[in-house]
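Open the model in your viewer and keep the selection tool at hand. The stops below go one at a time, each with something to select and a note on what is there.

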Amino acid sequence: MTKKVSIEIGHGGTDPGAVSGKILEKDINLNTGLELKRQLERHGVKVLINRTADVNDKATEFVKKAREFNPDAGISVHANAFNGTAKGFEVFRNTNAFKIVSNLLCAHIESEVKALGRISRGVKDSPFLMSSLSCPTAYCELGFLDNPADYKDFDDSQKQKAFGTAYAKGILNYFGIAWLPEKAVSAGGGERTMYRVIAGSFSEKANAQALVKALKTKGIDCFIAEYKN
Ligand SMILES: [Zn+2]
């Protein structure tokens, strides 16, 4: 049976979520959530998502759609702000009939986030609407964007995507679906043969620069790539 996951990417559009200077929670959530979606779909999981761009979203409307979708798990993607010194990841579980399985799902996600080197504030009972679904849910708060010492762990798109990947790994572990490395997936379909032009390799940087200069005078665009030999 194909597994189904609903993803709620927190806030969006006129609702920035938590804010600290120019840092907006909605942007962090979008980067993280889109990577989560991509990784799940790569493993054959069917995803329902509330938004894929910076647009307004009403959690009350999405929760209705999510109920109709009848997912095997529901994930909420958020980031925190508090007093400027709080730090760490935290994840919230259902308090309804799905509490025990939700706790298990949250524990799988938490363990993948810890594998990124992050500290966790633990798995807690959820007060949030998205946790009222009739399936295990995990409401993830990736960190505190108003604490520079915490924000450094998710201050760019690549780091935020790493959280999306960690969430996906946790969910897939929970489902018992084996993780497929990216290369193994693309080898079957999208892999292309590329042709790189090499004009010379030098141990002296000045010689490489001289060749670049000579090629550029002939109108050939080129650059120096450093490598260890
Ligand atoms: Zn939020």
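Which residues in H1 meet which residues in H5? Before selecting them, note that this is a predicted model, in which local features need pLDDT of at least 70 and side-chain atom pairs count only at pLDDT 80 or more, while totals for chains, interfaces and linings use all residues. Residues are numbered from 1 along each chain as its sequence is written.

**Stop 1: H1 and H5**

Select helix H1 (residues 25–42) and helix H5 (residues 157–175). Helices (H or I, at least four residues) and strands (E, at least two) are DSSP runs, numbered from the N terminus. On the H1 side, the residues that meet H5 are Ile 28, Asn 31, Thr 32, Gly 33, Glu 35, Leu 36, Gln 39 and Leu 40. Their counterparts in H5 are Ser 157, Gln 160, Lys 161, Phe 163, Gly 164, Thr 165, Tyr 167, Ala 168 and Ile 171. Contact here requires C-beta atoms, placed from the backbone, to lie within 7 Å. By class, this contact has 7 nonpolar, 8 polar and 2 charged residues. Ala, Val, Leu, Ile, Met, Phe, Trp, Tyr, Cys and Pro count as nonpolar, Asp, Glu, Lys and Arg as charged, and the others, Gly among them, as polar.

Now look at the axes of H1 and H5, which come within 7 Å and cross at roughly 45°. That makes H1 oblique to H5. Axes are lines fitted to C-alpha atoms, for helices over the stretch in contact, and angles run from 0 to 180 degrees between N-to-C directions. Angles under 35 degrees count as roughly parallel, over 145 as roughly antiparallel, 65 to 115 as roughly perpendicular and the rest as oblique.

**Stop 2: H3**

The contact of H3 with H5 has 10 nonpolar, 4 polar and 2 charged residues.

**Stop 3: the sheet**

Next, show the strands: an open sheet of 6, in the order S4-S1-S5-S8-S6-S7, with mixed pairing. Two strands pair if DSSP finds at least two bridges between them. Strands S4 (46–49) and S7 (120–125) stand at the edges with a single partner strand each, so one side of each is left without a neighbour in the sheet. From one strand to the next, the twist averages 20°.

Select S1 (residues 4–9) and S5 (residues 73–80), which pair in the parallel sense over 5 bridges. Ser 6 has Gly 74 in S5 as its bridge partner.

**Stop 4: helices across the sheet**

Helix H2 (residues 59–69) lies across S1, S4 and S5, at about 175° to S1. H5 lies across S1, S5 and strand S8 (137–144), at about 155° to S5.

Methods
Two residues are in contact if their C-beta atoms, placed from the backbone, lie within 7 Å.
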